[in-house]
Amino acid sequence: MDQHRRDELMTVRQVLDELGGVSRRTFYRWRELGQGPAAFKLPNGELRVWRSDFTTWLRQLEAAA
């Protein structure tokens, strides 16, 4: 958890906006397939993504291209 001390939690909407308008359906499909960024559920059921995990995920996609 220490690595996230100065990190930011992103909502699904923030992730979608940063991806240039990817649909919510696509995001959840990626999760089903294990291809989306690492995310976790809050007690209220909402998903959050650490910005550092999102950035790592994007860099892995870039490296694979």
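Reader: Which residues does Y28 touch, leaving out those up to four places away in sequence?
Author: Y28 touches V12 and L47. Contact here means heavy atoms within 4.5 Å.

Reader: What kind of model is this, and how is it numbered?
Author: This is a predicted model, where local features need pLDDT of at least 70, side-chain atom pairs count only at pLDDT 80 or more, and totals for chains, interfaces and linings use all residues. Residues are numbered from 1 along each chain as its sequence is written, and side-chain values use heavy atoms, with hydrogens and water left out.

Reader: Back to Y28. Where is it placed?
Author: Y28 is in helix α2, residues 24-32. Helices (H or I, at least four residues) and strands (E, at least two) are DSSP runs, numbered from the N terminus.

Reader: How far is Y28 from A39?
Author: Their C-alpha atoms are 11 Å apart in space, and the two residues are 11 apart in sequence.

Reader: New topic: R48. Where is it, and is it buried or exposed?
Author: R48 is in strand β3, residues 47-50. R48 is buried, with a relative accessible area of 16%.

Reader: Which side chain makes a polar contact with R48?
Author: That of E46, at 2.9 Å. A polar contact is a pair of N or O atoms within 3.5 Å; within protein, one must be able to donate a hydrogen and the other to accept it, and residues adjacent in sequence count only if both atoms are side-chain atoms.

Reader: What else does R48 touch, not counting residues up to four places away in sequence?
Author: R48 touches L9, M10, T11, A38, A39, F40 and L42.

Reader: And L19? Where is it found?
Author: L19 is in the loop between α1 (12-18) and α2. Setting aside residues up to four places away in sequence, L19 touches W30, F54, W57 and L58. L19 and L58 are 39 residues apart in sequence, with C-alpha atoms 9.5 Å apart.

Reader: Zoom out. How many helices and strands does the chain have?
Author: Three helices and three strands. Along the sequence the pattern reads β-α-α-β-β-α.

Reader: Why call the chain as compact as a globular protein of that length?
Author: Because its radius of gyration is 12 Å, close to the 11 Å that the globule rule gives for 65 residues. The radius is taken over C-alpha atoms, and the rule is 2.2 Å times the number of residues to the power 0.38.

Reader: What share of the chain is buried?
Author: Buried residues make up 22% of the 65.

Definitions and conventions
Buried means under 20% relative accessible area, exposed over 50%, partly exposed in between (1.4 Å probe, protein chains only).
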